[in-house]
Amino acid sequence: MEMDVVQAINTEVKQRVQELRQLLQKASYAYYVLDSPIMEDAVYDQLYRELQQLENQYPELVTPDSPTQRVGEKPATQFLSVRHNVPLYSLENAFNIEELKAWEGRWRRQAANVGQVEYVCELKIDGSALALTYENGVLTRGATRGDGVTGEDITQNVRTIRSIPLRLNLETLRENSLPERIEVRGEAFLPLEVFKQINEERQSRGESVFANPRNAAAGTLRQLDSRIVAQRRLDFFAYTLHIPGLDDASIANTQWEALELLQKLGFRVNPNHKLCPSIDDVAQYYQYWNTERLNLPYMTDGVVVKLNSFKLQEQLGFTQKFPRWAVALKYAAEEAPTRVENIAVNVGRTGALTPLAQMRPVQLAGTTVSRATLHNADRVAQLDIRIGDTVIVRKAGEIIPEVVRVLKELRPDNTQSFVMPSHCPVCGQPVIREMGEAVTRCVNASCAAILKGAIEHWVSRDALDIRGMGEKLVHQLVDREVVHSVADLYNLTEDHLCGLERMGKKLAQKLVEAIAQSKNQPWSRVLYGLGIRHVGSVNAQLLTQKFPTVEQLAEASQADIETVYGIGEEIAQSVYQWFHISANQTLISRLKDAGLQFASTVEETGLSQSHQKFVGKTFVITGTLPTLKRDEAKALIQKAGGKVTDSVSKKTDFLVVGEEAGSKLTKAQELGVPQLSEGQLLEILED
């Protein structure tokens with residue numbers, strides 16, 4: 001009799017738990033997807049607490065798709081790499097209607113005898129792409145784009161996004177109309193209002209603010225603690241289905257029907273998608289949203305145009321880089337007017353004087369902009385920019401603020417043309433501008449600005465990597481005349497440092513130890529740290545492979561230096577001249593006496609070139625790689641004899657592509673530069 005009672009109670013509990021989950025799922029769908037609440041918040045909270053109590057009392061009833069399981073209790077220790085079942089391709093870019101029509105011409109040549117077609121236009125949300133896997137209707141995996149072939153498993157974080165269903169609304173479909181496993185692709189993003197609140201909160205806590213909603217979304221998804229992700233309130237729009245047999249008319253045979261199916265399954269689909277019967281209608285849609293997008297509560301940087309027919313999509317297929325049946329029609333960089341309040345001049349570590357427009361703060365691409373570089377005197381003259389001018393600013397590559405043009409019709413009376421100073425604004429010594437150069441320079445080696453820049457470069461991560469030697473400390477050391485060159489750093493004692501602001505004995509001791517440890521850095525880092533013009537970390541590696549000791553490099557002729565792969569006449573001349581300046585020879589001597597490394601070890605010299613796979617090859621790395629840090633990938637390429645540069649050009653042999661790849665990928669596609677994923681790079685190296 002007692003067993004019958006217990007069984008009845010358990011059955012009743014199970015039924016109530018199931019009922020509560022269904023009610024809460026429907027309420028979440030109505031609130032987060034349909035934006036049409038079906039119950040008050042207090043009622044939802046009451047039902048949620050009841051479910052929580054029952055699951056605590058009967059833990060064996062807890063399931064992964066329960067609304068109580070959206071936020072994990074323990075932070076993850078790491079993200080595992082996962083291979084996409086279907087590659088998550090990027091899209092070809094077009095930047096105007098002419099390029100859109102050129103894309104149409106290309107696909108029509110691929111698919112002969114195709115008449116009038118339909119296009120589906122969707123707003124291109126500026127966020128982070130996700131691939132979601134559902135098995136038997138339950139979310140089992142959420143992964144980042146990664147390099148398109150391999151991403152990171154961030155399921156725990158994906159579960160916190162309320163507009164992503166943990167269980168699909170399969171009851172809206174006919175029985176057995178979906179296979180066991182399906183994939184949904186879409187964009188996770190931060191609404192602008194949420195982004196603003198997050199930055200305000202971070203600012204109030206003295207933390208750095210996010211540059212834009214896209215970076216904030218990507219950074220949030222890579223948080224190891226899902227509780228932090230939940231607090232950020234990410235949103236999600238679904239835009240693609242990958243289902244075996246999707247071309248079956250009983251399920252969906254067009255992109256438009258697939259979007260409707262996604263909504264039935266419980267996903268939020270961007271409401272502004274449109275079915276266009278011609279390319280001219282696509283152009284009208286694009287032009288309409290060029291202005292209307294500014295009124296949206298989220299960021300969008302273009303329009304995604306897809307051929308509606310799945311049959312035609314399948315016929316066209318893919319290139320090695322992207323689908324032939326879709327294109328991203330991007331908008332021009334966002335521009336905004338503001339007023340120039342001052343034009344300052346900065347002095348860099350090489351003595352270069354850079355004019356800087358200081359402007360009334362303005363919102364641009366999700367960030368507040370108050371300064372923009374004017375590059376050099378030629379650019380200032382070209383713009384004819386003056387204090388008091390109203391200017392149009394934009395973000396070059398959506399990153400660097402720049403002045404596009406001056407609205408001279410709004411110029412106040414009595415403004416004066418800006419003239420570059422004839423004397424250094426820091427040390428007061430005369431400046432020079434060499435024939436054929438655009439840059440004006442201070443050539444006073446004792447200039448405080450040059451010295452500060454030289455020391456900051458010397459202690460930086462890619463050079464001597466002296467931890468704890470920050471900008472403020474460097475400025476104190478120079479302003480108080482404690483150091484007069486980088487060599488003086490190796491004479492610093494705890495007594496020297498303890499007299500500085502916010503510098504206790506323990507911190508001073510750690511800093512002295514860090515300076516001592518930097519003596520073990522290899523010759524290539526020392527050469528880079530010297531700050532020779534045009535010698536970056538890549539060129540420093542190339543030079544030290546050819547010249548394993550400082551004596552060999554110092555005694556080399558300019559012609560000898562030019563024989564190094566990747567070192568041209570300008571770099572060779574700069575290196576040759578640097579080593580023939582007496583003050584620099586004295587600096588080398590002092591650093592050698594201090595114990596710095598000026599010769600390569602056998603391990604650093606590495607394999608002979610005959611065993612190096614990338615000799616003579618130039619690489620560029622863009623985006624966030626799934627498992628490797630960028631400097632780790634760079635080191636692997638260099639060890640194999642390759643060269644890694646910062647910008648894509650006709651001389652680039654390969655582009656290594658990670659997640660959130662930007663303008664470098666676009667440039668590489670335009671130039672036809674081959675692309676490698678991290679996995680492909682490692683496969684070549686392991687072969």
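Colleague: Where helix α3 passes α9, is the crossing left-handed or right-handed?

Modeller: This is a predicted model, in which local features need pLDDT of at least 70 and side-chain atom pairs count only at pLDDT 80 or more, while totals for chains, interfaces and linings use all residues. Residues are numbered from 1 along each chain as its sequence is written, and side-chain values use heavy atoms, with hydrogens and water left out. A crossing is called left-handed if the near helix is turned anticlockwise from the far one by less than a right angle, and right-handed if clockwise. By that convention, the crossing of α3 past α9 is right-handed.

Colleague: At roughly what angle do the axes of α3 and α9 cross?

Modeller: Helices (H or I, at least four residues) and strands (E, at least two) are DSSP runs numbered from the N terminus, and α3 covers residues 97-110 while α9 covers residues 279-292. Axes are lines fitted to C-alpha atoms, for helices over the stretch in contact, with angles that run from 0 to 180 degrees between N-to-C directions. The axes of α3 and α9 come within 11 Å, and the angle at which they cross is roughly 145 degrees.

Colleague: How many nonpolar residues does the contact of α3 with α9 have?

Modeller: Contact here means heavy atoms within 4.5 Å, and on the α3 side Ile97, Leu100, Lys101, Trp103 and Glu104 meet Ile279, Asp280, Val282, Ala283, Tyr286 and Gln287 of α9. Ala, Val, Leu, Ile, Met, Phe, Trp, Tyr, Cys and Pro count as nonpolar, Asp, Glu, Lys and Arg as charged, and the others, Gly among them, as polar. On this scheme the contact has 3 charged residues and 1 polar residue, and the number of nonpolar residues is 7.

Colleague: Does Glu104 count as buried or exposed?

Modeller: Glu104 is found in helix α3 and, leaving aside its neighbours within four places in sequence, is in contact with Tyr119 and Ile279. Buried means under 20% relative accessible area, exposed over 50%, and partly exposed in between (1.4 Å probe, protein chains only). With a relative accessibility of 14%, Glu104 counts as buried.

Colleague: Around the axis of α15, how wide an arc do Ala508, Leu511, Ala514 and Ile515 cover?

Modeller: Helix α15 runs over residues 505-517, and its 13 residues should span 18 Å, which agrees with end C-alpha atoms 18 Å apart; the expected span is 1.5 Å times one less than the number of residues. Ala508, Leu511, Ala514 and Ile515 are the buried residues named in α15, whereas Lys505, Lys506, Lys510 and Gln517 are exposed on the other side. The arc is that of the directions from the helix axis to the C-beta atoms. The buried residues of α15 lie on the same side of the helix, because they cover an arc of only 120 degrees.

Colleague: Which helices do the buried residues of α21 pack against?

Modeller: In α21, Asn584, Leu587, Ile588, Leu591 and Ala594 are buried, and they fall within an arc of 125 degrees seen down the axis, so they line one face of the helix. On the other side of α21, Ser582 and Asp593 are exposed. The helices against which the buried residues of α21 pack are α12, α18 (550-555) and α20 (569-579).

Colleague: In which loop is Arg233 placed?

Modeller: Arg233 has a positive phi of about 55 degrees although it is not a glycine. Its relative accessible area is 43%, so Arg233 is partly exposed. The loop that holds Arg233 is the one between α7 (226-232) and β8 (235-242).

Colleague: How far apart in space are Val482 and Leu497, C-alpha to C-alpha?

Modeller: Val482 is placed in the loop between α13 and α14, and with a relative accessible area of 26% it is partly exposed. Leaving aside neighbours within four places in sequence, Val482 is in contact with Leu477 and Leu492. Val482 and Leu497 are 15 residues apart in sequence, and their C-alpha distance is 9.2 Å.
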